[in-house]
Amino acid sequence: MIYFLIIILITALLLIYNKLTHRIQKLENEIFELNKKILNKNNPLPEITEEKKNSADTTTLTENIQEKKSSEEKNTTETKEEIHHEPQKDWMGPIFDFLKQNALTIIGIFTLVLGIGYFVKYAIDKNWISETARLAIGLCTGAGIMVIGHFIRKNYSSFSSIIIGGGIAVLYFSVTIAFQEYHLFSQNTAFILISLITLISIVLSYYYKSEVLIIFSLFGGFLAPLMISTGQSNYPFLFTYLMVLNIGMLIIAFLKHWKSIGWIAFIFTSIYLFYWVFEKTEILSVYFYVASYIIFYAFALQNYVKKNTLVTLDILMLILINFSSITGLVYIFNQLNYEPVIIFPIIFAAVNGLLLFREYSRKNFETNYSVFAGITISLVTLAFALQFKTDLITSVWAVEAALLLFIWKKTNLTIFRICFYILFPLVIISQMTTWAGYFSAKDLKIIFNPIFLTSSVTIITVLSNLFLLKRFSENNKSKNSFFENVFSVISYGVIYIAVLLEIIYHISHKPDSIILSTAFLYSIYYVLILLILRKKLDIGKEIETGLIYLFLFLIIMHAGAAGSEVVTAVLERKISQHFYGIYLLYLIPFIYTGLKIIPKSSFLNFKAGYWFIGAVITAAASLELYHLYILGNARNITESYQLQKHFNILYLPIIWTVTASIFIYRGLKSNIAELNKIGFTLIGIMVLKLYVYDVWQMDNISRVIAFIILGLILLLSSFMFQRLKNIIKNLVDKKEENSENQNVNP
């Protein structure tokens, strides 16, 4: 009895507090209105008399008319944006406002329900009441709370909705405990009781016009199967119940325009469907997927039917219902080996195509047209991809990400940008899991295999994403430049890895030297293509400079690591000597990049660029002459060791001296001081190497030859340096003399 009095006291306190809160709010509104009236009396607006109106200047009147026209035109353009942007700003606002205003009420009803629960538990522990009496107390308490909420609904609508929702929760818990713990009735009886509670709560929600109450009802309705579950799956009965519940939701959503209930129903239904499909795949689930698609597609189109507009959440629902349904349906067909798997993507594309045709026939090429066009094209693309047995999840996510990016760029709505940011990393992760199939796959066809075809879908969507970013980023380039750079790098990396893995898989039976050299050659030519197409691909200066550094690094690695492997394999008779000619194909892009691309880029704007490319040229020239020397003189791997020592002592200083002379010559001719520094640094390193190490490793004859040749080269270089210096000085003097003559005799 004492607990019952405590519950009544808590309820009374909540009512008193709520009444005082409303009273205070009412007084604040009255004070605000009084202040507003006082301000209007103290600062009356100046009236414009007819004389002032008539004395207005004609020019000013014309300007006002023009300004009015321009403002009207601006308002017409902004009105279209407001149709889509207003829901984006305010769709979470009412929820937060409701929570702020009713936080104490929600906590209070939650505490009340807990108090009732603890009271029942205490009574059970003390054996005060029987099991049937416990159920009766729970039902009576829930009904009593609902009656209290009914009587206070006129003055306290939000408060009464929460009170009634708490009473409904008590009814749900009472029936669930009676079935699960006490076994007072069968599962069918429990289901009928819970369905009856759900029906009553929905009717009350519609009668009271309370969105809060129907949210309580939907949660109870969708959780009801879990409350009375016995562990034995009866999916046809379950989803028949869910479809009836969803149809009721759809009717109320159309009548009351309550968006929240549609999203709650969609989330619960999707979870139930996915669980059913993955636990027990059967053809019957296809019918429920199709029914769910129709219901939620109709829910997404309610604004389109009434006002011919698609707001943010409508577009998002259209995307989710299309792609989630296709994922489930295609998965069922794949598991049961049914054909054709493209039937549902094609049907869904046709449904969206009809709405697209409607917009086209009305010459309405605004947001509605873009959304239906994007969904239709995405579904057709996905159908072709699935027909070639590509990975389901990767293909669906890749196409969906491209669609989200398209709609984001078309509508400039933040929610689609967030969804794209979330989904694109998932696409990359899913693609990586698909690539892992190369390690276990056997006898895959070239190109036309599931792994590479899935990669092709990702490549196509990535390229379309890059095109969309390039096309729509002109107005927001400074705002999104960092994101676009990161996205571009990741996208080019995905394309690179997809093709590289396919190449390596099909040559994996070849020697390691061929695999390594082929991988480096592909990488070098891939980077070269990006550099050639840098303007068309709208590659920024930072990425361009980074690509050049990467290109030069690949040149060094190819000439060093891959070159040594190729030479060793030739000497060991593992590969033909003709492959060395294929290996040398890297010189073509190297020379082209050095002559055509680097001089026109910003790579040489920094001194480090000259030093890096100088090191690459010196290393590449030294390594290739070394490779040719070994291949031309060594007959086996043992002989190459002695030839390597001889080359490093005798020929390498000569190569470096010649290279240094070329750098100095180019630096003087082009007036580039860094090239002169590189040349003299290289000569210094060579001379230091010669005197510190090489001279002690030579025999007398080699020592004489090396010093004579090196001395002649240095003298010749010095002579050329002086001669070129004099030529440049003479040219400068003549230029100054000509300019003085022109000043004297204009």
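Predicted model: local features only at pLDDT ≥ 70, side-chain atom pairs only at ≥ 80, totals over all residues.
User: What makes the contact of Asp314 with Lys259 a salt bridge?

Analyst: A salt bridge requires a side-chain nitrogen of Lys or Arg within 4 Å of a carboxyl oxygen of Asp or Glu. For Asp314 and Lys259 the closest N and O atoms are 2.4 Å apart, so the pair meets the criterion. The pair links distant parts of the chain, with Asp314 in helix α13 (residues 312-336) and Lys259 in helix α10 (residues 259-279), 55 residues apart. The structure holds seven salt bridges.

User: Why are Asp314 and Lys259 called buried?

Analyst: Buried means under 20% relative accessible area. Asp314 has 1% relative accessibility and therefore counts as buried. Lys259, with a relative accessible area of 15%, is buried as well.

User: How do you know that Arg534 and Glu544 form a salt bridge, and which parts does the pair tie together?

Analyst: The closest N and O atoms of Arg534 and Glu544 are 2.6 Å apart, and the cut-off is 4 Å, so the term applies. Arg534 lies in the loop between α20 (512-532) and α21, whereas Glu544 lies in helix α21, so the pair ties together parts that are ten residues apart in sequence. Both Arg534 and Glu544 are buried.

User: What makes Glu674 and Lys677 a salt bridge, and where do the two residues lie?

Analyst: Their closest N and O atoms are 3.4 Å apart, which is within the 4 Å limit, so this pair also qualifies. Both residues belong to helix α26 (residues 673-697), three residues apart, about one turn of the helix.

User: Is Glu674 buried or exposed, and how is Lys677 classed?

Analyst: Glu674 has 8% relative accessibility and counts as buried, because that value is under 20%. Lys677 has a relative accessible area of 41%, which lies between 20% and 50%, so Lys677 is partly exposed.

User: Why is the pair of Tyr496 and Tyr526 called tilted?

Analyst: Rings pair if their centres lie within 6.5 Å, and planes under 30 degrees apart count as stacked, over 60 as edge-to-face and the rest as tilted. Tyr496 and Tyr526 are 5.4 Å centre to centre, with 45° between the planes. The distance therefore makes them a pair, and the angle makes that pair tilted. Tyr496 lies in helix α19 (residues 477-506) and Tyr526 in helix α20, so the pair ties together parts that are 30 residues apart in sequence. Tyr496 is partly exposed, with a relative accessible area of 23%, while Tyr526, at 14%, counts as buried. The structure holds 38 aromatic pairs.

User: What makes Lys541 exposed, and which patch does Lys541 belong to?

Analyst: Exposed means over 50% relative accessible area. Lys541 is at 53%, and so counts as exposed. Lys541 lies in helix α21 (residues 541-571). Together with Lys535, Lys596 and Lys600, Lys541 gathers in a patch of positive charge on the surface.

Notes:
Residues numbered from 1 in each chain as written. Heavy atoms only, no water. Patch = residues over 30% accessible without salt bridge, like charges linked within 9 Å, V, L, I, M, F, W, Y side chains within 5 Å. Areas by Shrake-Rupley, 256 points an atom, 1.4 Å probe, with all protein chains shown as cover. Lys, Arg positive; Asp, Glu negative; His and termini not counted. Charge placed at Lys NZ, Arg CZ, Asp CG, Glu CD. Helix = DSSP H or I, 4+ residues; strand = E, 2+ residues; numbered from the N terminus. Buried < 20%, exposed > 50% of the residue type's maximum accessible area, 1.4 Å probe, protein only. Phe/Tyr/Trp six-rings, centres within 6.5 Å; stacked < 30°, edge-to-face > 60°.
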